Amino acid sequence: MPLLLLDLDNTLLDRTGAFRAWGERFLDSVGAPGTDIEWLLSVDADGLTDRWDVADAIRDRYGLRIPSIDLVDELHDGVVANTRLDPLVACALRIADDAGWVPVVVSNGAVRQQDAMIRRTGLDRYVADWVISEEAGVSKPNPRIFALAAQRARMPLRGAWVVGDSPEADIGGAAAVGLPSVWLHRGRTWSDSRFAPTRTVDGLIAAVATVLAG
């Protein structure tokens, strides 16, 4: 029963779509033009920008008096509230489980948001466990976080696959720990010469099919 080590944001769950949905409503509430959503998405950088920096950028651009801490809370809670589990993703995870694979989430991020998304969407019913970098004290691509995931599942890393959309965190992490990987390209072209994914696909469902076929 090998491990299937899965990224969370923009792999299992559509984090970009959730942020866009929150952002469009927020911009409307402050009277900003709808076209500003592209600016907001660029500032967010797929969630890689620190939430406090995003909050400060929003406050500065629109001259808001809302305290930064309140805006940070809204950023966290807004993404969680707008995140949904695609039924086809749930089905793919069930198929992987039935085929003998053990799905475990390995995610960089804050426990408050990541844990809430896993539980609120019902994703927790389809994975064996999850490891979040803030709680683990180590982030992808560090090999230690994958080892912690294996320990959490009480299984060896040998035979595992890593699936994710981040070239550095997911595919770089898989390369560092010596595991095969599937990269979700999301319309991008691979450009890192230091390492490369074992397979490249367009989404989680295709990734699971690739792992099972391999």
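**View 1. Lining of the second largest pocket.** Seven nonpolar, three polar and five charged residues make up the lining of the second largest pocket. Here Ala, Val, Leu, Ile, Met, Phe, Trp, Tyr, Cys and Pro count as nonpolar, Asp, Glu, Lys and Arg as charged, and the others, Gly among them, as polar. The model is predicted: local features need pLDDT of at least 70, side-chain atom pairs count only at pLDDT 80 or more, and totals for chains, interfaces and linings use all residues. Residues are numbered from 1 along each chain as its sequence is written, and side-chain values use heavy atoms, with hydrogens and water left out. Helix 10 (residues 204–213) gives the most to this lining, three residues. The volume of the second largest pocket is about 210 Å³. Thr-11, Asp-86, Val-89, Gly-203 and Leu-204 are the closest to its centre, out of 15 lining residues.

A pocket is an open set of points on a 1 Å grid over the protein atoms alone, where a 1.4 Å probe fits, with protein on both sides within 12 Å along at least five of seven lines; lining residues have an atom within 4 Å of a point. Volume is the space filled by probe spheres set on the points, joined across faces, edges and corners. Helices are DSSP runs (H or I, at least four residues), numbered from the N terminus.

**View 2. The largest pocket.** Its volume is about 620 Å³. The lining of the largest pocket holds 26 residues; Asp-9, Asp-46, Gly-47, Leu-48 and Asn-108 lie nearest the centre. Four nonpolar, nine polar and 13 charged residues form this lining. Helix 9 supplies the largest share, four residues.

**View 3. Gln-113 in helix 6.** Gln-113 sits in helix 6 (residues 111–120). Its side chain makes a polar contact of 3.0 Å with that of His-76 (N or O atoms within 3.5 Å; within protein, one able to donate a hydrogen and the other to accept it, and residues adjacent in sequence count only if both atoms are side-chain atoms). Gln-113 counts as buried because its relative accessibility is 8% (buried is under 20% relative accessible area, 1.4 Å probe, protein chains only).

Notes: Helix = DSSP H or I, 4+ residues; strand = E, 2+ residues; numbered from the N terminus. Buried < 20%, exposed > 50% of the residue type's maximum accessible area, 1.4 Å probe, protein only.
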